[in-house]
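Here is a short briefing to read alongside the structure. Could you open the model and follow the points one by one?

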Amino acid sequence: MQNEDFTIRPSGGGVGAFVENVDLSLGVTDQARDRLRQTLGEHGVLFFRDQTLTPDEHVTLAERFGTINVNRFFGAVESHPMIAEVRKEPDQQTNIGGGWHTDHSYDEEPAMGSILLARETPPTGGDTLFANMYAAYENLSDGLKQTLEGLKAVHSSRHVFGANSRYKQEGADLSDRFGNEAAATQDSVHPAVISHPISGKKALYVNPGFTLRFDGWTDAESAPLLQMLYAHAAKPEHTYRFQWAPGSIAFWDNRATWHYALNDYHGSRRLMHRITVEGGKLAA
Ligand code: SIN
């Protein structure tokens, strides 16, 4: 049977697993899809090497996991509007995703995850860090776990993609890669600790990119606890650093992980194709 005999090898770091002996261009059966989804829920990120997906095959793969979320802010591949481009040219300084975040936490129903496929990679650098939000939660004290389980947090897209975006304030050269600032109107409130929709495990659900404050708290009151949680969650033992090559894929679950695209390859091109799959409402 096609693609059902793949093997799962934990990354050896704090998050993620490699899926080996698989050719995703052949498609995935229901059984393979279900096993991949369970593994994603358990490990937070699936890594694949040497895949030869065409853009159409990339779309077909993503559709096996849910409805595609067409990105409001990123440029798209011209022939395939469902595929967002994560691109940095040799003359550009700012990259997309260059800080810890989890995508779409500003949406009422955050996206499940993304399938990011490397098309062109720099000779060195351009790795992506991932962090494990199950471990981040699990490694807190019982007292803080209990406090967080009673809290919700407010998330927004406005300060990242809106008219007063922090990228704009920093003079970032992203204008040809980000657009549609008028669409950056999303605000949402989610539990600070969620029960993961696939694994049922508890995960910390605040992130430096999009979380503004705890619900009912001021920004100033929230900042010290959020900063403590961010430093804790990003501890090296909770993370894994993935090195890309053309044909590499990372398929991450936004509800179980954060990610951070390193910006250490100025003067080289890096081009990734990203398809995001819809998720649903999150519960404590
Ligand atoms: C992103 O945040 O989606 C970009 C990740 C990457 O380019 O490695």
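In this predicted model, Arg 270 places a polar side-chain atom 2.8 Å from an oxygen atom of the ligand.

**Around the ligand**
- For Arg 274, an N or O atom of the side chain sits 2.7 Å from a ligand oxygen atom.
- For His 259, the distance from a polar side-chain atom to an oxygen atom of the ligand is 3.1 Å.
- On its own the ligand has 260 Å² of accessible area, and the protein covers 100% of it.
- The residues surrounding the ligand include Val 86, Ile 96, Gly 97, His 101, Leu 116, Thr 128, Trp 252 and Ala 261.

**The largest nonpolar core**
- This core is made up of 29 residues.
- Met 133, Leu 148, Leu 204, Val 206, Phe 214 and Leu 229 have the most contacts inside it.
- At least two core residues come from each of β8 (128-132), α3 (133-138), α4 (142-149), β11 (193-195), β12 (202-204) and α7 (219-233).
- Helix α7 gives the largest share, with five residues.

**A closer look at Val 206**
- Leaving aside residues up to four places away in sequence, Val 206 touches Ala 153, His 155, Ala 192, Thr 211, Phe 214, Leu 226, Leu 229, Tyr 230 and Trp 258.
- Of these partners, Phe 214 and Leu 229 are also listed among the core residues with the most contacts.

Definitions and conventions. Residues numbered from 1 in each chain as written. Predicted model: local features only at pLDDT ≥ 70, side-chain atom pairs only at ≥ 80, totals over all residues. Heavy atoms only, no water. Core = buried A, V, L, I, M, F, W, Y, C linked by side-chain atoms within 4.5 Å. Buried < 20%, exposed > 50% of the residue type's maximum accessible area, 1.4 Å probe, protein only. Helix = DSSP H or I, 4+ residues; strand = E, 2+ residues; numbered from the N terminus. Contact = heavy atoms within 4.5 Å. Near = heavy atom within 4 Å. Polar contact = N/O pair within 3.5 Å; in protein donor to acceptor, adjacent residues only side chain to side chain. Areas by Shrake-Rupley, 256 points an atom, 1.4 Å probe, with all protein chains shown as cover.
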